[in-house]
Amino acid sequence: MKNSELIARDLSVLWHPCTQMKDHEFLPLIPIRRAEGVWLEDFEGRRYIDAISSWWVNLFGHANPRINAAIREQLGELEHTILAGFSHEPVVALSERLVALTPKGLSRCFYADNGSSAVEIALKMSFHYWRNSGKSKKTKFISLENSYHGETLGALAVGNIPLYKETYGPLLMETITATSPDCFFREQGESWAEYSRRSFKSMKTLLDQHADDVCAVIIEPLVQCAGKMRMYDPVYLTLLREACDRHHVHLIADEIAVGFGRTGTLFACEHAGITPDFMCLSKGLTGGYLPLSVTLTTDAVYEAFYDDFERSTAFLHSHSYTGNPLGCRAALATLDIFEQEPVLENNLQLAKAMRDATARFEDHPHVAEVRQHGMILAIEMVENKPARLAYPWQERRGLRVYQYALEKGVLLRPLGDVIYLMPPYVITPEEIRTIAAIAYEGIDIATRQ
Ligand code: PMP
């Protein structure tokens, strides 16, 4: 089959995510036939380096032999079963390992099949916990400016990116928004820690004012990924944990994008040594293979639901594919790789290679900043560097970088005018240098008149 055949068939029956479909009148869709390691290959043998881990999910490469084998083995035993009233070994083993690996105090796992649902579960559980504890006045959530937690209505409501949220405003619950600790806005000479500490004032004021009405604060620890990979310092997490404790407000850590080593540690919360009341995981959980998510919480939360049926305190939320055994086996194989190979140590070298390969970008006349937390590195393209003034969004400069990189065999998918690298951990320093060289040329071309 040729690329063009599949494209024609696709465009007559599909509606793609996060896409203005009319764009495909000039922007060719890329049909992928096979993939291996960091490489995606189309029907005519053209190859692309997956520099963004296929929307941040892939950790150990496509067609990873160990994860493939684990799924095949599981397929021979049990593909799926209901999880209400029933159980199976992969979901039990995975829960034991997640409880052991996540910050101390997280002891219960509740499963779903995508990140947004994990967030919905955390929001509902937090609200329901307070209700079961006689605090039914607590109905609100605090989240951060520029945050993203998914696109189902509850998750969208606690998000704050107008591009995704504005249209649906009339459908969404009202939330309280605190200033983001996003260090892009720090003063010259101000450190990340100083700025993040300073921006905590807004959160402190909101908690002082609203704690009695607030169930939880929800945040993406350290990197607001969909919010253009804006980053902040771990001190913010430390301050937030203390303040939430003081005000009897839950802390929900959405580690869907930053979990599983992306920021250098297995979970981003580890940078601050904190335990949230809820931790949401998905994406890398299955190594990027299958849709699975989990919301972890504490004994204290679990116990507030544990009572006689007639007291109507149970958490009755459910999804058909909750705890799917194939997904759990993929997740177990992924955790085996973390356990048996020095992944995080190797990533230190890869992160350094990313930093070194992009060091010269800082001097580009249209690059305002190169920022990095571990295996996430972002380059912010601007029209006016001294004023840090963005290009008009209608000019779609980032799209030009996307198109150029594709021509050169690299999948980059800029967020607006922010180009980022978030590759699978099996990438080589040489491949990182290739991506960086192409990104640089792409930025050069995109910022010409
Ligand atoms: N939270 C964060 C931080 C995310 O980055 C995402 C996905 N980009 C989600 C939630 C939603 O996950 P999903 O797309 O699986 O619903």
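The radius of gyration here is taken over C-alpha atoms, and the globule rule is 2.2 Å times the number of residues to the power 0.38. For this predicted model, that rule puts a compact globule of 449 residues near 22 Å, and the protein chain comes out at 22 Å, so the two agree. Laid along the principal axes, the C-alpha atoms fill a box of roughly 65 × 55 × 45 Å.

As for what's inside, the protein chain holds 14 helices and 16 strands. Buried residues account for 55% of the 449. Take the contacts between residues at least 6 apart in sequence: 71% of them join residues at least 24 apart.

Four of its five residues are buried, so strand 5 is largely enclosed by the rest of the structure. Strand 5 pairs with strand 6 (residues 176–178) in the parallel sense, over three bridges. It also runs parallel to strand 7 (residues 214–219), this time with four bridges joining the two. Ile 142 takes part in both pairings: Ile 142 stands opposite Ile 176 in strand 6, and opposite Val 217 in strand 7. As a rule, side chains in a regular strand alternate between the two faces of the sheet.

How values were computed
Residues are numbered from 1 along each chain as its sequence is written. This is a predicted model: local features need pLDDT of at least 70, side-chain atom pairs count only at pLDDT 80 or more; totals for chains, interfaces and linings use all residues. Side-chain values use heavy atoms; hydrogens and water are left out. Buried means under 20% relative accessible area, exposed over 50%, partly exposed in between (1.4 Å probe, protein chains only). Two strands pair if DSSP finds at least two bridges between them. Contact means heavy atoms within 4.5 Å.
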